[in-house]
Amino acid sequence: MEAFDQLLAQAPARIDLAGDLDALATLEAELVGKKSLIAETRRGLGRLPAEERPVVGARVHEVLRSLQELLDHRRSVLERVAEDRLLEQDRVDVSLGGYEPSIGMHHILTQTVDEVVDIFTGLGYRVASGPEVELAWYNFDALNTPPTHPSRLESDTLYVEYGDPSDEMLLRTHTSPMQARYMEQNDPPVYVVVPGRTFRADALDPTHSPVFYQIEGLAVDENITFGDLKGTLAHFAREFFGSERKIRLMPHFFPFTEPSAEMHMSCYACDGSGCRVCSGSGWIELIGCGMVDPNVLDAVGYDSSKLSGFAFGMGAERMAMVRHGINHIKHFYENDIRVLRQFT
Ligand code: DAH
């Protein structure tokens, strides 16, 4: 009986000391398990004198219940602690800012080409594309460019095959060869724009790159006049650069157009009064153009006595540079994401 009293007196402090569920289980085995004082006493009850049995039996029962109660209470406390720890470990901080997935976008050059093309498809033009590796015949001869023309030199043109003029192959220096290819494969009337990559033996400087993009335009029909060319380019300038823009056509020379012209647009920065953007002239040189030379029509089998047409060719980089104030062509090709993101 004394041992039970001692056991009961020490139990609460010992149980409270059990720091986790494992320690508690060990203690529980010691206090109420098979080898505990309580279990042994129970097993020995039969050997006690008959009159002591109920007294000891009742005491054993009482002690067991008290111990079990203390143990159960401690277990529930420790279980809660364990659960809290688990929850804390798995905690998700829903207030934390997430990662925004970065959404792709079209490159500024692609956007520019698409927009230019859209303006012309809006006028009923078709869109075509052609080979980047081109025969000299389409790049030069069919476009009325004589064999002696300086642009055919290796210092200007990147050749794949050079030497025998009849099978010379090159990286096209402009999108104009598609004028001839398109007319060969399509009957008049023709209204087509041709965007594409072009190549020249140029070193990189603020306005030149060995690779660049052009957008070619060609209209061939009956009674096409220089006025149609001017009206079409004026429409383009207003659509692409703003409704205030005016254009003028200055005499120029291209082998495949006669007359040839260079389209100038009134400066968007000073509206024509002269500023740094337009080098004080009030005008910005933008597009090469002209009336299709009858020799070009004849070269593809079109009847130049019945048909006439105009053509133009613009640099896509130049359009984007003028429109967005980009000061170096390299920005289109370095693909610095910080630059490209400015054109979303
Ligand atoms: N192909 C010319 C160039 O790359 C641009 C050009 C001028 C295209 C006049 C034309 C045109 O269609 O009519 O410089």
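Author: Let's start with Cys270: its sulfur lies 3.6 Å from the closest cysteine sulfur, that of Cys278, which is too far for a bond. The cut-off here is that a disulfide is a pair of cysteine sulfur atoms within 2.5 Å, and by that rule the count comes to zero disulfides. As a reminder, a disulfide is a covalent bond between the sulfur atoms of two cysteines. Cys289 is in no disulfide either, as the nearest cysteine sulfur to it, in Cys267, is 19 Å away.

A word on what you're looking at: this is a predicted model, where local features need pLDDT of at least 70 and side-chain atom pairs count only at pLDDT 80 or more, while totals for chains, interfaces and linings use all residues. Residues are numbered from 1 along each chain as its sequence is written, and side-chain values use heavy atoms, with hydrogens and water left out.

Are these cysteines buried or exposed? Cys270 is buried, with a relative accessible area of 15%, and Cys289 is buried too, at 1%. (Buried means under 20% relative accessible area, exposed over 50%, and partly exposed in between, using a 1.4 Å probe and protein chains only.)

Helices (H or I, at least four residues) and strands (E, at least two) are DSSP runs numbered from the N terminus, and two strands pair if DSSP finds at least two bridges between them. Strand β9 (residues 283–292) is joined to β10 by five bridges, and the two run antiparallel. On β10 there is also a pairing with strand β6 (residues 211–221), again antiparallel, through eight bridges; there, Ile215 stands opposite Met314. Six of the eight residues of β10 (residues 308–315) are buried, so this strand is largely enclosed by the rest of the structure.

Zooming out, seven strands make an open sheet with mixed pairing, in the order β1-β5-β6-β10-β9-β8-β7. The edges belong to β1 (126–127) and β7 (247–254); each has a single partner strand, so one side of each is left without a neighbour in the sheet. At the β1 end, the pairing with β5 (residues 190–199) is parallel, over two bridges, and Val127 stands opposite Val193.

One runs from Pro188 to Pro189, with omega near 0°, and Pro189 sits in the loop between α7 (177–185) and β5. Another joins Glu258 and Pro259, with omega of about -5°; Pro259 lies in strand β8 (residues 257–266).

Asn144 has a positive phi of about 65° although it is not a glycine; its place is the loop between α6 (136–139) and β3 (159–161), and it is partly exposed at 27% relative accessible area. Asn335 has a positive phi of about 55°, and is not a glycine either. Look for Asn335 in the loop between α11 (331–334) and α12 (337–340), where it counts as partly exposed at 42% relative accessibility.
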